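Here is a short briefing on one protein model. Look over the sequence and the structure, then read on.

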Amino acid sequence: MRSSSTLWVLIPILTLYACSNAGNINFKASSENRSEAYADSTTAASPAPPEARKRIKTAELRCRVSDVVSAAAGVEKLVASLNGVVVESLIRNEQNSSHEFAYSADSLKQVTRYTPVASLTLKVPAPYMDTVVSALTSSASLISHRLLKDTDVTLDYLRNQLHNKADETPVRKKDHTKPEKELDITRYEDAKKDEVIDRTINNMAIDEKVLYSTITVELFQPEVADIQIVLNPERLQRPPLATAAVVALNRGAEFFRTVLLFFLSIWPAFIFGALGWLVYRKLGLKR
């Protein structure tokens with residue numbers, strides 16, 4: 001009897017001890033998990049060192065040169081030697097004015113004033129951007145404007161990474177805010193995948209812009225006058241004398257025909273006019 005009573009006392013004590021130990025273990029485990037998660041988030045959100053930051057460098061220049069064509073060719077060769085890419089190269093002539101003057105009896109002097117312009121879009125490795133900018137500014141006779149930009153996109157890059165890491169957790173029905181239907185869950189998962197892909201592509205674009213700097217260049221030279229002697233189109237269109245005489249006679253005959261037909265078409269007016277004149281004369285004689 002004494003042993004059974006002892007067991008009845010020990011069983012509740014052992015049960016309470018086991019529960020308290022399990023609670024302590026669970027509390028420690030949850031605390032460790034929270035501390036690890038906090039450490040991961042702190043590490044991910046900590047500022048990146050200067051050498052690891054994502055910096056995009058761009059430049060815009062507008063310069064005057066002595067010869068647009070040769071200057072553009074020199075810039076293209078320089079970019080190619082630096083393992084860069086010429087994205088676009090356009091050479092055009094912007095016409096300012098055009099005038100024509102009489103030069104001889106059947107020719108004209110045509111004077112056209114225009115400005116040669118070259119527009120280039122370049123991509124060069126970021127460490128060589130200053131080299132290209134220095135070469136352009138040193139060869140230019142006038143710098144209309146120069147703009148250098150250094151944009152830090154580290155936080156944008158980190159934001160995309162954190163969003164993608166958060167979206168790696170699989171979607172469960174109980175986590176879904178929409179009605180629990182397979183079609184809705186599938187659409188939701190597809191939308192999440194598209195967002196992850198878009199953020200990944202954005203980060204790839206950022207990496208490319210960080211590695212290769214974009215330089216926009218516009219080259220122009222002083223105004224140029226183009227003088228040409230051209231034939232007078234009015235003299236070329238003038239017919240020979242015999243042909244002009246025949247045309248003039250035909251025009252006179254046509255005019256006479258028109259006048260004759262006009263008077264013939266108003267013959268009733270002549271009749272009424274004659275009758276009125278006769279009545280007037282008779283009345284005048286009676287008086």
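What share of the contacts in the protein with a separation of 6 or more comes from residues 24 or more positions apart? The share is 80%, where contact means heavy atoms within 4.5 Å. This is a predicted model, in which local features need pLDDT of at least 70 and side-chain atom pairs count only at pLDDT 80 or more, while totals for chains, interfaces and linings use all residues. Residues are numbered from 1 along each chain as its sequence is written, and side-chain values use heavy atoms, with hydrogens and water left out.

**Overall layout**

- The protein has eight helices and six strands. These are DSSP runs numbered from the N terminus: helices are H or I with at least four residues, strands are E with at least two.
- Along the sequence the pattern reads α-β-α-β-β-α-β-α-α-β-β-α-α-α.
- Of the 287 residues, 17% are buried. Buried means under 20% relative accessible area, exposed means over 50%, and partly exposed lies in between (1.4 Å probe, protein chains only).

**Nonpolar cores**

- A nonpolar core is a set of buried Ala, Val, Leu, Ile, Met, Phe, Trp, Tyr and Cys residues joined through side-chain atoms within 4.5 Å.
- The largest one has 21 residues. Those with the most contacts inside it are Leu61, Leu120, Leu122, Val132, Ile215, Val217 and Leu219.
- Strand S1 (55–64), H2, S3, H3 and S5 each give two or more residues to this core.
- Leucine 61, leaving aside neighbours within four places in sequence, has contacts that include Val133, Leu136, His145, Ile215 and Val217.
- A second, separate core has five residues, among them Ile56, Val153, Tyr157 and Val210.

**Salt bridges**

- Side chains of opposite charge can pair when their charged atoms come close. The rule here asks for a side-chain nitrogen of Lys or Arg within 4 Å of a carboxyl oxygen of Asp or Glu.
- The count by this rule is twelve salt bridges.
- Glutamate 223 and arginine 113 form one of them, at 2.9 Å from N to O. This pair links distant parts of the chain, 110 residues apart. Glutamate 223 sits in the loop between strand S5 (212–220) and strand S6 (224–231), and arginine 113 in strand S3 (residues 107–125).
- Both partners are partly exposed: glutamate 223 at 40% and arginine 113 at 37%.
- Arginine 159 and aspartate 156 pair at 2.8 Å. They lie three residues apart in helix H4 (residues 154–166), about one turn of the helix.
- Arginine 199 and glutamate 195 pair at 4.0 Å, N to O. They are separated by about one helical turn because they are four residues apart in helix H5 (residues 182–211).
- In that pair, arginine 199 is buried at 13%, whereas glutamate 195 is partly exposed at 35%.
- Arg53, Arg55, Asp150 and Asp152 are joined in a network of salt bridges.

**The second largest pocket**

- A pocket is found on a 1 Å grid over the protein atoms alone: an open set of points where a 1.4 Å probe fits, with protein on both sides within 12 Å along at least five of seven lines.
- The second largest pocket has a volume of about 160 Å³, the space filled by probe spheres set on the points, which are joined across faces, edges and corners.
- Its lining has 14 residues, each with an atom within 4 Å of a point. Ala71, Val75, Ala135, Leu136 and Ser139 lie nearest the centre of this pocket.
- Helix H2 (68–81) and helix H3 (129–139) each give two or more residues to the lining. H2 gives the most, with five.
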